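Here is a short briefing to read alongside the sequence and the model.

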Amino acid sequence: HKQIRGLTGRIRHLPAIDSPEDWIAQEAERQAINSPVQGTASDLTLMAMSDIHETIDDQYLAPIGFIHDWAGGVCAQDHLLWAARLIKREMEASADRLQQFWGVRLRCPLVADASFGVNLGDEIELEGLTQEGEYDFTRFWNEETQSGIIVPPQTLPNSLFQRYFRT
């Protein structure tokens with residue numbers, strides 16, 4: 001058939017698999033191995049970001065794009081913790097949607113990391129981020145050298161969210 005199918009049914013056609021040129025056929029073989037994983041990760045990310053876009057007003061968190069298993073959004077600096085937790089939770093919950101819509105149950109938990117920055121090249125991972133409790137943003141500022149990033153005190157976007165999204 002010269003195609004590969006991901007967990008959500010996404011099909012990638014690979015006509016070059018029969019190329020007489022070895023390097024072209026080998027590239028198609030690599031794509032056949034990688035596509036089901038990367039395509040499924042992309043579908044899960046798209047589901048998570050779609051849910052966020054449908055339920056959260058863009059003035060609080062505006063999705064700006066995704067690449068494979070990375071999703072990005074823009075929020076106010078003082079809503080960083082809330083937004084990171086929301087994206088992390090939705091990304092991890094997309095595994096449930098995989099089972100709900102396609103009948104596929106993952107054998108391992110889906111774990112999402114969260115990071116922040118002004119661009120993709122300068123992201124800083126929020127190591128150890130959980131859905132509850134405080135997060136120590138002071139770790140990103142070096143008092144001795146007076147360098148790093150100062151993150152302002154964190155707040156929720158408005159009182160409506162306090163019922164649903166606890167910090």
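In which loop is Gln 146 found? Gln 146 sits in the loop between β7 (141-142) and β8 (147-148). Bear in mind that this is a predicted model.

**Overall form**

- Starting at the N terminus, the elements of the protein chain follow the order β-β-α-β-β-α-β-β-β-β-α.
- The radius of gyration of the protein chain is 20 Å, whereas a compact globule of 167 residues would have one near 15 Å.
- Along the principal axes, the C-alpha atoms of the protein chain fill a box of roughly 60 × 40 × 30 Å.
- Buried residues make up 32% of the 167 in the protein chain.
- If you take the contacts between residues at least 6 apart in sequence, 48% of them join residues at least 24 apart.

**The largest pocket**

- The volume of the largest pocket is about 1200 Å³.
- Its lining is made up of 49 residues, and those nearest the centre of the pocket are Trp 70, Ala 71, Gly 72, Ser 115 and Glu 123.
- At least two lining residues come from each of α1 (22-55), β4 (70-74), α2 (80-102), β5 (115-116) and β6 (124-125).
- Helix α2 gives the largest share of this lining, with seven residues.
- By residue class, the lining of the largest pocket has 31 nonpolar, 11 polar and seven charged residues.

**Ala 84, a residue of helix α2**

- Ala 84 is part of helix α2.
- Its relative accessible area is 7%, which is under 20%, so Ala 84 counts as buried.
- Not counting residues up to four places away in sequence, Ala 84 touches Ala 114, Leu 126 and Leu 129.
- Between the C-alpha atoms of Ala 84 and Gly 73 there are 9.2 Å, and the two residues are 11 apart along the chain.

- As background, most residues other than glycine have a negative phi.
- His 68 is not a glycine, yet it has a positive phi of about 55°.
- You will find His 68 in the loop between β3 (62-67) and β4, where it is partly exposed at a relative accessible area of 36%.
- Gln 146, the residue we began with, is not a glycine either and has a positive phi of about 55°.
- Gln 146 counts as partly exposed because its relative accessibility is 47%, between the 20% and 50% cut-offs.

**Other loop residues worth a look**

- Thr 8 lies in the loop between β1 (3-5) and β2 (11-13).
- Is Thr 8 buried or exposed? With a relative accessible area of 14%, Thr 8 is buried.
- Leaving out residues up to four places away in sequence, Thr 8 touches Asp 43, Leu 98 and Trp 102.
- Gly 121 belongs to the loop between β5 and β6, and this glycine is exposed, with a relative accessible area of 69%.
- Leu 110 is in the loop between α2 and β5 and is partly exposed, with a relative accessible area of 30%.
- Setting aside neighbours within four places in sequence, Leu 110 is in contact with Leu 44, Met 91, Glu 92, Ser 94 and Ala 95.
- Leu 110 and Asp 22 are 36 Å apart, C-alpha to C-alpha, and 88 residues apart in sequence.

**Cysteines**

- How many disulfides does the count give? The count comes to zero disulfides, taking a disulfide as a pair of cysteine sulfur atoms within 2.5 Å.
- Cys 75 is partly exposed, at 25% relative accessibility.
- Cys 108 has a relative accessibility of 52%, which is over 50%, and therefore counts as exposed.

Methods: Residues numbered from 1 in each chain as written. Predicted model: local features only at pLDDT ≥ 70, side-chain atom pairs only at ≥ 80, totals over all residues. Heavy atoms only, no water. Buried < 20%, exposed > 50% of the residue type's maximum accessible area, 1.4 Å probe, protein only. 1 Å grid on protein atoms, 1.4 Å probe; cavity = no way out; pocket = protein on both sides within 12 Å on 5 of 7 lines; lining within 4 Å. Points joined across faces, edges and corners; volume = space filled by probe spheres on them. Helix = DSSP H or I, 4+ residues; strand = E, 2+ residues; numbered from the N terminus. Nonpolar A, V, L, I, M, F, W, Y, C, P; charged D, E, K, R; others polar. Contact = heavy atoms within 4.5 Å. Rg over C-alpha atoms; globule rule 2.2 N^0.38 Å.
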